[in-house]
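Keep the structure in view while reading.

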Amino acid sequence: MPSYARLQRYAACFVMAISMTVVCWGCAAVPRHYVQMAEPGTTLTALTAHPERYRGRVVLLGGTIVEEEETAQYLWLRVKNRPLDQDYEPHRPVDTHGPEAGHYWVMVEKQQLPREYRQWARITVVGRVSGT
């Protein structure tokens, strides 16, 4: 199946797309100015329950990359959610089948990711919510 067709198939399943305005981190401290930009206390559960409240806003989420799709300019990363702790580090959700155990998509310009991103076990995402 062509890459674009696969992306359309997943469009019905994905919870939201986060358009990267910044970068993903692999287990590094999140700079304070990004924390200040982000909506405090945002969770995947809150985003799925009220996506219209977050559209256009910056959020912080954690996760692990489980899939990727590539277009000419962008890389789409499907991320398995891992809730963030007070230090903005991702951890497994308490209930691995609950609402915080879902997935979301991140759209990143290819040149924004370092080459070694595939080796990252966990990531912290800072991005602007662009769609649901």
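In this predicted model, strand β6 covers residues 123-131. Of its 9 residues, 7 are buried, so the strand is largely enclosed by the rest of the structure. Buried here means under 20% relative accessible area.

Which strand does β6 join? Strands β3 and β6 run antiparallel, and 6 bridges join them.

Strand β3, residues 58-70, gives the largest share of the lining, with 3 residues. What is the lining made of, by class? There are 9 nonpolar residues, 6 polar and 4 charged.

Now turn to strand β4, residues 74-81, where asparagine 81 lies. Is asparagine 81 buried or exposed? Its relative accessibility is 1%, so asparagine 81 counts as buried; the cut-off is under 20%. What does its side chain reach? The backbone oxygen of glutamate 100 lies 2.7 Å from the side chain of asparagine 81.

Glutamate 100 is also one of the contacts of asparagine 81 beyond four places in sequence. Leu44 and Pro93 are among them too, as are Leu61, Gly62 and Gly63. Gly102, His103 and Tyr104 complete the set of contacts for asparagine 81.

Technical notes. Residues are numbered from 1 along each chain as its sequence is written. This is a predicted model: local features need pLDDT of at least 70, side-chain atom pairs count only at pLDDT 80 or more; totals for chains, interfaces and linings use all residues. Side-chain values use heavy atoms; hydrogens and water are left out. Helices (H or I, at least four residues) and strands (E, at least two) are DSSP runs, numbered from the N terminus. Ala, Val, Leu, Ile, Met, Phe, Trp, Tyr, Cys and Pro count as nonpolar, Asp, Glu, Lys and Arg as charged, and the others, Gly among them, as polar. Buried means under 20% relative accessible area, exposed over 50%, partly exposed in between (1.4 Å probe, protein chains only). A polar contact is a pair of N or O atoms within 3.5 Å; within protein, one must be able to donate a hydrogen and the other to accept it, and residues adjacent in sequence count only if both atoms are side-chain atoms. Contact means heavy atoms within 4.5 Å. Two strands pair if DSSP finds at least two bridges between them.
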